[in-house]
Amino acid sequence: MALLEEYSAGVEIIQTINKGRGLIAGKRMETGQLILRQHPYAYVIMATHAQTVCHYCLACPGQPDRPLVKQLLKCGGCKFARYCNKECQKKAWTDHRPECAAIKRVFPGQPVDQTRMVGRILWKRDQNLAKEEEVKIEDLVDHLSKRTKEERGDLDEKVYSFGDYFTYDAMPESDDEMLHLFAIIDCNAVGLNDHKGLQSIGVGIYPMMSLLNHDCNPNCVATNNGVNLELRALRPIEKDEELCISYVDSMETREDRREKLSSQYYFDCECNLCFNGGESEDLKHATAAENMKEESVKYINQFSKDMLKRINKTKERQNWERMSNQVLGTLAQQDCVIADTNVLKLSILNLAVEVQSFLRRQDSALQYAERVAAAYEKLLPKIHPTLGMYLMRVGILQWQLQKNEIAHQTLGKAASIISKTFGEDHSLFKELLGLIHQCRMESHMSKNSQREMRMAKKRAGLRLPEAF
Ligand SMILES: [Zn+2]
Ligand SMILES: [Zn+2]
Ligand SMILES: [Zn+2]
């Protein structure tokens with residue numbers, strides 16, 4: 001897989017009044033338009049996924065659009081890095097060579113992800129010494145002065161042990177510089193998701209993208225395709241408008257978002273949604289009907305919070321039948337008082353989908369999934385990656401239950417959103433096209449022939465899509 005070229009549709013760097021540097025649109029942008037694509041300055045696969053994905057291109061065995069990747073090759077040197085094939089290993093070698101030696105140096109210890117990341121940044125800096133960079137890695141914000149004592153202690157510890165990994169001779173002499181590099185990662189590293197867009201498997205640092213400021217109702221979204229990070233417009237953007245992404249989950253309430261932004265990104269959000277609210281904000285606390293008694297709402301809110309804790313404990317114990325009873329019992333009580341878009345109810349609805357799927361009660365799982373999708377449609381903008389991915393899951397469930405006509409519609413809707421948020425080059429979109437094709441073919445067959453064809457496919461070892 002060739003790593004795609006970097007791309008920019010004409011963004012400009014500005015100095016904002018109170019948010020440091022930022023990016024603005026150099027021209028009008030349309031919904032779904034690719035605005036910026038960047039290779040990472042440095043990236044690492046998280047230790048938790050080190051054995052399951054390629055450290056160069058992030059592919060994993062079994063990925064539908066990479067049928068040739070069967071088993072990953074292990075690096076003979078460090079026995080830590082893994083690759084799809086010799087080609088990926090060769091391309092990774094320039095970045096991996098010094099790292100390979102460093103990993104061997106600390107063996108049997110294992111460097112933490114941040115240590116590997118700082119190592120990669122320093123080695124990269126050596127290679128790039130002569131290069132003019134538009135945004136210098138050293139100039140990214142570190143918010144060091146705002147850290148708590150514990151956070152500072154944690155950073156200090158990483159700096160002290162860094163020489164064991166990197167060698168003390170090669171390491172920058174100033175502790176401040178090292179501290180700055182470790183702190184930069186905390187504030188600027190972007191999580192890299194797997195080909196399904198679901199699980200975070202690595203982290204990368206993208207200096208230009210790091211300049212994007214936050215807004216709780218952003219006009220852009222950044223998603224990764226392999227190691228590249230791509231920025232797309234979620235709605236039409238005028239020339240000179242500031243480009244913003246959301247650093248936190250848009251589904252969260254104002255209080256939760258602001259708490260996270262303050263504790264993880266060290267600022268108080270002053271966006272329009274935080275200050276003036278909006279329909280989606282009200283929906284997150286909505287009741288089932290108007291004029292609901294205040295005591296009933298208060299009671300059900302507390303009850304929901306308590307039940308969430310209990311259900312999660314049952315989930316940890318993997319007692320699925322009990323979990324199902326608790327979830328459905330809670331929902332029955334919530335139904336009379338709070339609306340499906342209410343965040344407390346949405347959490348329970350999501351757990352209902354999960355547990356019913358686990359118990360293979362697909363019909364019931366689908367019912368709850370459709371309610372979650374309907375709530376997401378009200379809470380999120382029309383074009384949003386979370387909505388696209390969720391509709392895809394619902395479409396797959398409908399398809400599994402042989403509701404082909406409706407599945408075809410849902411998947412089509414998902415495809416339209418996913419093409420605008422992940423791009424038509426993304427594995428997610430390609431998988432979706434395959435599914436839509438299959439759905440269309442099957443809708444002309446009788447139920448019996450559909451079943452026979454699926455069985456034949458399974459026997460032939462062809463993968464059927466899985467939901468959730
Ligand atoms: Zn690879
Ligand atoms: Zn190695
Ligand atoms: Zn805000």
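Let's start with the zinc ion (ligand 1): its protein donors are the SG atoms of Cys-54, Cys-57, Cys-84 and Cys-88, lying 2.3 Å from the metal. Keep in mind that this is a predicted model. The four donor atoms here make angles of 96 to 118 degrees, and the site is tetrahedral. Along the chain, the donors of this ion are spaced as C-x2-C-x26-C-x3-C. Cys-54 and Cys-57 are both buried.

Now for the zinc ion (ligand 2). This one is held by Cys-75 (SG), Cys-78 (SG), His-96 (NE2) and Cys-100 (SG), at 2.0 to 2.3 Å. Its site counts as tetrahedral because the angles among the four donor atoms run from 104 to 116 degrees, and the test asks for all angles to lie between 85 and 135 degrees. In sequence, the donors read C-x2-C-x17-H-x3-C. How accessible are two of these cysteines? Cys-75 has a relative accessible area of 4%, so it is buried. Cys-78 comes out at 8%, and therefore counts as buried too, given that the cut-off is under 20%.

Here are the two sites side by side:

| Zinc ion | Protein donors | Donor distance | Donor angles |
|---|---|---|---|
| ligand 1 | Cys-54, Cys-57, Cys-84, Cys-88 (SG in each) | 2.3 Å | 96 to 118 degrees |

On to the helices. Helix α9 covers residues 320-335 and helix α10 covers residues 343-358; their axes are 9 Å apart, and the packing angle is about 145 degrees. The crossing of α9 past α10 is left-handed.

Which residues meet where these helices touch? On the α9 side, they are Trp-320, Met-323, Ser-324, Val-327, Leu-328, Thr-330, Leu-331, Gln-334 and Asp-335. On the α10 side, you'll find Leu-344, Lys-345, Ile-348, Leu-349, Leu-351, Ala-352, Val-355, Gln-356 and Phe-358. Sorted by class, this contact between α9 and α10 has 12 nonpolar, four polar and two charged residues.

Leaving aside residues up to four places away in sequence, Lys-345 touches Leu-331, Gln-334, Asp-335, Ile-338, Ala-339, Asp-340 and Arg-371. Among these, Leu-331, Gln-334 and Asp-335 belong to the α9 side of the helix contact.

Notes
Residues numbered from 1 in each chain as written. Chains lettered and ligands numbered in written order. Predicted model: local features only at pLDDT ≥ 70, side-chain atom pairs only at ≥ 80, totals over all residues. Heavy atoms only, no water. Axes fitted to C-alpha atoms, helices over the stretch in contact; angles between N-to-C directions. Helix = DSSP H or I, 4+ residues; strand = E, 2+ residues; numbered from the N terminus. Left-handed = near helix turned anticlockwise from the far one by under 90°. Contact = heavy atoms within 4.5 Å. Nonpolar A, V, L, I, M, F, W, Y, C, P; charged D, E, K, R; others polar. Donors = N, O, S within 2.8 Å, 3.2 Å for Na, K, Ca; no water. Tetrahedral: all angles 85-135°; square planar, octahedral: opposite > 155°, others 65-115°. Buried < 20%, exposed > 50% of the residue type's maximum accessible area, 1.4 Å probe, protein only.
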